[in-house]
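Biologist: I would like to learn how to read a few features of this structure with you. Could we look at it together?

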Amino acid sequence: MRIQRQLSILPLFLLAPTLSASITLDCSHIRVDGTSWNLKALGGPHSVSHIVENALDTTNTTYTLDLCKPLKETECKTGTHVCGVERSIDKEGNEKLIGAISIAGNYVQETGRTMDPKVTRLKSIDSEREGLRIELRGGSVPFTKKGRKQQAVIEMICDPERSGLDDEKEETTEKRDERQSGDKEKDVDTSKSLRFKSYGAVDDIDVLRLDWLTKYACEDYKEEEGENTQHWGFFTWLIIIVFLGTSAYLIFGSWLNYNRYGARGWDLLPHGDTIRDIPYLMKDWGRRVVNTVQGPGARGGYSAV
Ligand SMILES: *[C@@H]1O[C@H](CO)[C@@H](O)[C@H](O)[C@H]1NC(C)=O
């Protein structure tokens, strides 16, 4: 009986790591089709706003996402990775919060839905494209077990020129605005790394589509070597130089001793005597250390006998 019970528990333990791995995205080790990506640098909250001008007001929907961990400061539910916050701004400029949509995240306790990330290599869909398509799930509107399912589809597109981070994006915007003032809106749009594509119903699911241009999505992108490697390089060179210097000194010294003094054997080496005497010098030094440690007292006692 006891053995049987233990056996029935065992598969649960085996299953646990698989379950936890499938509900979150491991940003630093994304592996698809034998290719690895590290999107860790893109972790943290990133936002893109979609503005719609209506007759009476303006709607500003801001989508915030964190690929690597749940959002901390958010109007959405705890555990949300992709959140949409809708605000209306009237003609006088008064802002009003309309609502927040928890699009993707892990809500095991609340609705039983999980993010269940699905990652596809863009090359496997279209050989001319490079990057990843990340699908995240879990959200509902309203936020109940029966609510309308939500989904985020983020296409991480390889762009070697862009880090994909916000600060750089803002700098680019400013620069471009200085150069050409006309056609501003279009310009601002292309300067952004994270872009809104659409949000709407696909059958019985609402799908948010975003594009994210970044070098981290490139297949040949290698992490820049950190300072550590540079230090290692320096020490390796130092050791090589010291080794070569010592060798050159010994070889040249031996050659000199051979030619000038007709030296042979140990005498060939420069300071041959010293090198030959090293074992004796070490022994002598060791004896002195032992004497110091034992102290004059012990020695005095010994000599008294
Ligand atoms: C939209 O809302 C976001 C977040 O509140 C804000 O940062 C952004 O400036 C707004 N955009 C416009 C055009 O009002």
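Modeller: Let us start with C158 and C218, which form a disulfide with sulfur atoms 2.1 Å apart; a disulfide here is a pair of cysteine sulfur atoms within 2.5 Å. This is a predicted model, in which local features need pLDDT of at least 70, side-chain atom pairs count only at pLDDT 80 or more, and totals for chains, interfaces and linings use all residues. Residues are numbered from 1 along each chain as its sequence is written, and side-chain values use heavy atoms, with hydrogens and water left out.

Biologist: What is the handedness of the disulfide of C158 and C218?

Modeller: The torsion about its S-S bond is about 90 degrees, so the disulfide of C158 and C218 is right-handed. The pair links distant parts of the chain, 60 residues apart: C158 sits in strand β10 (residues 148-158), and C218 in the loop between β12 (205-214) and α4 (227-261). Helices (H or I, at least four residues) and strands (E, at least two) are DSSP runs, numbered from the N terminus.

Biologist: Is C218 buried or exposed?

Modeller: Buried means under 20% relative accessible area, exposed over 50%, and partly exposed in between, with a 1.4 Å probe and protein chains only. C218 has a relative accessible area of 5%, so this cysteine is buried.

Biologist: How many disulfides does the structure hold?

Modeller: There are three disulfides. C27 and C68 form one of them, with their sulfur atoms 2.1 Å apart. Its torsion about the S-S bond is about -100 degrees, so that disulfide is left-handed. Distant parts of the chain are linked here too, 41 residues apart: C27 is in the loop between α1 (2-23) and β1 (30-32), while C68 is in the loop between β4 and β5 (80-90). C27 is buried at 5%, whereas C68, at 23% relative accessibility, counts as partly exposed.

Biologist: And what joins C76 to C83?

Modeller: A disulfide, with an S to S distance of 2.0 Å. The link of C76 and C83 is right-handed, with 80 degrees about the S-S bond, and both cysteines are buried. If you number the bonded cysteines of the protein in sequence order, the pairing reads 1-2, 3-4, 5-6.

Biologist: Next, the ligand. Which residues are around it?

Modeller: A residue is near a molecule if one of its heavy atoms lies within 4 Å of it. Around the ligand are S49, I51, N60, T62 and R87. β3 (46-53) and β4 (57-65) each supply at least two residues of this shell.

Biologist: Finally, how do I read aromatic pairs?

Modeller: A pair of aromatic rings is described by the distance of the centres and the angle of the planes. Rings of Phe, Tyr and Trp (its six-membered ring) pair if their centres lie within 6.5 Å; planes under 30 degrees apart count as stacked, over 60 as edge-to-face and the rest as tilted. By this rule there are five aromatic pairs. In one of them, Y216 and Y221 have ring centres 5.2 Å apart and planes at 80 degrees, so the pair is edge-to-face. Y216 is buried at 14% relative accessibility, while Y221, at 23%, is partly exposed. Y63, F196 and Y199 form one aromatic cluster.
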